[in-house]
Amino acid sequence: MGKIKVYRGLLEVVELDLANAVFSKRLQGEHNLVFNVRSSSPLDIKVGDRLTYKGEVMEVNKPIDLDKVSSFDYRGQIVFQGLRHRLSRWILDDEGKVIFNYTATLDDFMFMFLESLNSKDVDGGWSVGELDVVDVFSIDFDCTNFWDAINMIAEGAGCEWQLKGKAFTIKKTVGQATTIQLSYGKDNGLYGLSRKSVDNLNIVNSAYGIGGNQNLPLDYSHSNLMLTSKVQDLASIAAIGLREGVFKDETIFPKGDGNVSGIGQINEGTWFISDTSIDFDLQGQFIQGVEPKIVFLTGALNGQEFKVLGYKHNSKTIRYEANKDSNGGLIPFGLYRAEIGDKYFISGIRMPQSYVDAALLELGNKTQEYVNSNKNARPVYDLDIDLLDAKRKAVYPNESDLIRVKDTEIGIDEDLRVTFISYPGNFPELLEQGKKFTCEVGHDITYSRIALVEKNIKETKEVVTTYRNQSIELNRLGVTALNEFRDMVFDPDGQFQQPMIEAMAGIFGTKSQCFDLDGVTITENLDSDPNKASFSGGSLVHYSYEIPTIGNVWTIAPLLVSSLEPMKPYYISVKADRITAAATWDVSLVKRLTDEDPAYWYFNFGVLTSVIENRRSIRPTNMFTAISGGTIETNILIARMLMLPYMSIGKNGENAQRFYYDLEQQKTAAIFGLINGKHKLAWYAEDGTEVWNASEKGIIYVTNTPESWRNEGMFLVQEIASESDVLDEPLAKSTLQINAVRDSPTTAHIGGETVYDLYDAGTNENTTANSIYEGYHVGATKASPFIPNGFYVITGISPNYDQLMTDGSGYFDVFVGRYWNGKQVGNMIIVKIYVPE
C-alpha cells in the first residue's frame, strides 16, 4: 500500500503517498489519517473529498492547512477523518424537540438516535451492530450534537461505544481480549514504555453515598436518601491515607419496580392501569398537599408523568389524568397509551420501609463500585511498539483491545485496555527508519465531548507557546548584539556600495533547480584518480517540471568519465527528455541553460571543482534555501561549528559534541568525541566535577536476562534445500488457502500448526556459548534438532490463533518467513489469499 487514491464523488482527483501519512484512532474518540505533503503547486483537495483506508471511508471535513514557501514550493497538512466525525455536524432531536428528557432502555435510545441521525445525513445507512441489555435509564438532552449524544447514551448505560463503518456497537466492554504480550527484549515487541497522568487527586477510598429526594419517609433524617455510614477501603486508607469523595445518583430512591398488568380508559381525560405486583395500599401513603405522579419508564408514554387521581387496593388499580399538549390535545389518546408490560413508578408518596431498605441496598452497592474503581491511582502508559516484530508476527494492537504488558522495573504485569493507537500510514506493508507505532493503554476510558476536544487543542497550543518562551532571554540578548553589529559593519576594501543587505526574507534558487535525486551515487576521484568520476543511474524527481500524462520522475542512465582536465572545473547537469521519462548525465565545461535545447531540459545539479591538492569535490546547487525571520530552510548544511541552545558540535575547534546545563554554554553536562587526539565520553556535575568517564572506566551494561524457551505455532508452507531457495508463490497461495479458517467477517487464521520450541539465550554470562542454539527447535532442549528448513507462517496455537490482517474485502495478508537452521533469514514475504465466509 504505497499510494492511495482520493475521490470527489466518483472522480479521482489526486493520489497521495502513504509514506507521508500517520494513522491514529482513539476508543470513543478521534479517527484520523493525516498527510504532511509538499508539492510544486497548490493541491486540489476540498472539503468532502474522500478515500478508503483499510476498509473504512475517511473524508476531509475542513480546508487543508497550506503554506506557500515560494512560488514553486507548497506545504500543507491534509486531515482525513472517519465517518464518526460527521456526528458533530447535526443536533439530536426527538420529534422536533431539541431540549427534552428521555427515559428508556438502550434499544429505545438507539432507535430514537438513529431515526434522527438518518433523517439528517443524506447518505443515511447508520445502524446498530451489537447492544447489551441494560436497565432503563434517563438523560436530559439540551441542543446536543450526535457526537456528544452517543457518548452520553453509552455513559448513561454504563457501556462503551464503537463504530465500524456506520454500525454502532454499545456494550459493557467493546473490543476483544488478545494473546498479545509486550515487554522489553528480543522478539518481545516493545521498544519503550512510559507512565503518565497519575492524578492522585482523583483517588477516593472513603465515599458518602447520596441518592434522590423523592418518596422518603416522613421522619427521614436527611433531605436525600443517604447511607448511614461511609463506604471505605481500609487497605487503601492504611497505604496512602484517607481520600474522601461523594457518590451521588438522584435516580436511586424508594420507588419499586412497577409493571403494568392491565389497562383501561374511563373517559377522554381519565385512564387507569392495574398492577398485580403492588404489595401495599398506595392510598394510605399519599402525602397531604403533594400531587402523586405516575411516571412511565417504557412504552409509548416513556418519560412522561401523569397526575394520580386515585387508587383502589382491592383491584390494585391506579387512576390517572391525561395531560394536555400545547395545542390542547390530550395524552394518552387512542392507541397512544400505556400497554401491558410497561414499566413505571409512583412519585410523591411515602414508601414503606422495605422499599427504603431496597433503595439503600442499591445505593450501597453503587457506592462500593465507585470506591473500588477509584481507590488506587490509575495510570496511563504510552507504549512504543516494535514495528518489525509486529509485522513479523502479523499481529498488533487495535484500539479497545485487551493486551498484556510487562515491565519489572516500573512494576507492571497486567492486562490493559488499548485506548489509542498511532502508526505510519504505510504500515505494515513498508517499514521505514524513524517511523513509530505507539499506543496508549490503561484501565479507564473517557467519554469525549466536542467542546473538550476543542479545549485540548487550545491546551496543546499553550504548551507549545510555553516551550518556545524558554529562549526569550537568549533571543533578547541576541537582538541587542545584532543591533550593535548592524551599526559597525563596513567594507575594509571599499568595493561594495552596500556592505550589509537587509530584507524581510530571501529565497536562493531557481525553479529548474527544485529537484531531488533518488538512488544516485556520485564518486569523484574514482580509483584515487582525480580525473575520473562515476555517476550512477537512478531517478530525478522534479517539483516544478513534469511531462503531461507521464509525470515528474525521470530515469537517469549511468555515466563514467575518465579524462577530465586537471586545471578546469566542470558543470554537472541532468539532461532530461521533454517527451519520455529518460535522462542522461551531462558533465561539461560549457554552462547549460535549462531551455537551450527544444528536445531536452538541462537541470543544473552543481559544480565539479578543478583538482585542488590532488583531489576534486562537488558543490551541489539543486534545491533552494529560504531565509525568513529566524528560520533557515535548506537541503544540506555544512558548518565548521554548530551551536544549539543546550548543545554544540565543533566548538573552539574541538572534534566533539558537548551538552550543557545552561543556555550560555558555560557548564558542560556531557562530552563525546576526540579531545586532544583521544576518545572521550564523560558526564559532569553542574559544578564541573567529573561524574563518570566512560572512555576510562568503560560502559557497564546492567541488563541481565536469563535464557528461555517459548512455544510457537508454525505452519510449514514449503521445504527448502538451500538458504537461497525462493518461495513458490502460486503453490504457497494454494496451500495457505486450503488451511485458512474464516473466524468472522473481518478475521481469519491459518490452522494446521505444528508446535515448536523457540530458544533465546538471553543476556548473561553464558550468552556467547549458548547463542549457537538460538532459534526454533523440534523439542525444548538445546540438543534437539532445529526445525526443517523452509518457509513458515507463525500461526499461534489453538485456540489462540494469530489473526490475519485484511482490508475488509475478504482478502487477507499472510506473512511468510524463510527459516534456515532454526532462524529467520531475509525479509518477510506477503502472500495475499482469499478466505470465503
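The buried residues of helix α4 pack against β16 (206-210), β17 (231-232) and β18 (244-248). Here buried means under 20% relative accessible area, exposed means over 50%, and partly exposed lies in between (1.4 Å probe, protein chains only). This is a predicted model, in which local features need pLDDT of at least 70 and side-chain atom pairs count only at pLDDT 80 or more, while totals for chains, interfaces and linings use all residues. Residues are numbered from 1 along each chain as its sequence is written, and side-chain values use heavy atoms, with hydrogens and water left out.

**The chain as a whole**

- The protein chain holds ten helices and 61 strands; helices (H or I, at least four residues) and strands (E, at least two) are DSSP runs, numbered from the N terminus.
- Of its 837 residues, 40% count as buried.
- Among contacts in the protein chain with a separation of 6 or more, 62% are between residues 24 or more positions apart, where contact means heavy atoms within 4.5 Å.

**Helix α4**

- Helix α4 covers residues 353-374, which is 22 residues, and spans 31 Å from its first C-alpha to its last, close to the 32 Å expected at 1.5 Å a residue.
- The expected span of a helix is 1.5 Å times one less than its number of residues.
- Buried in α4 are Tyr355, Val356, Ala359, Leu363, Gly364, Thr367 and Val371.

- Helix α1 (residues 106-120) has 15 residues and reaches 21 Å between its first and last C-alpha, close to the expected 21 Å.
- In α1, the buried residues are Leu106, Phe109, Met110, Met112, Phe113, Leu114, Ser116 and Leu117.
- Their cover includes β9 (99-104), β10 (127-131), β11 (137-142), α2 (146-156) and β13 (167-171).
- The axes of α1 and α2 come within 11 Å and cross at roughly 170 degrees, which means that α1 is roughly antiparallel to α2.
- Axes are lines fitted to C-alpha atoms, for helices over the stretch in contact, and angles run from 0 to 180 degrees between N-to-C directions.
- Angles under 35 degrees count as roughly parallel, over 145 as roughly antiparallel, 65 to 115 as roughly perpendicular and the rest as oblique.
- Where these helices meet, α1 contributes Leu106, Phe109, Met110, Phe113, Ser116, Leu117 and Lys120, and α2 contributes Phe146, Ala149, Ile150 and Ile153.

**A seven-strand sheet**

- Seven strands form an open sheet in the order β19-β27-β22-β23-β24-β21-β20, with antiparallel pairing; two strands pair if DSSP finds at least two bridges between them.
- β19 (258-259) and β20 (262-267) are at the edges with a single partner strand each, so one side of each has no neighbour in the sheet.
- β20 pairs with β21 (residues 270-274) over five bridges, and Ile263 has Ile273 in β21 as its bridge partner.
- Three bridges link β22 (residues 293-296) to β23 (residues 305-312), with Val295 opposite Glu305.
- β23 is joined to β24 (residues 317-321) by four bridges, and Gly310 has Arg319 as its bridge partner in β24.
- The hairpin of β23 and β24 has four residues between the strands, and Lys316 takes a positive phi near 50 degrees there.

**Gln513**

- Gln513 lies in the loop between β32 (505-508) and β33 (515-518).
- Gln513 is buried, with a relative accessible area of 14%.
- Not counting residues up to four places away in sequence, Gln513 touches Asn604, Thr621, Asn622 and Met623.
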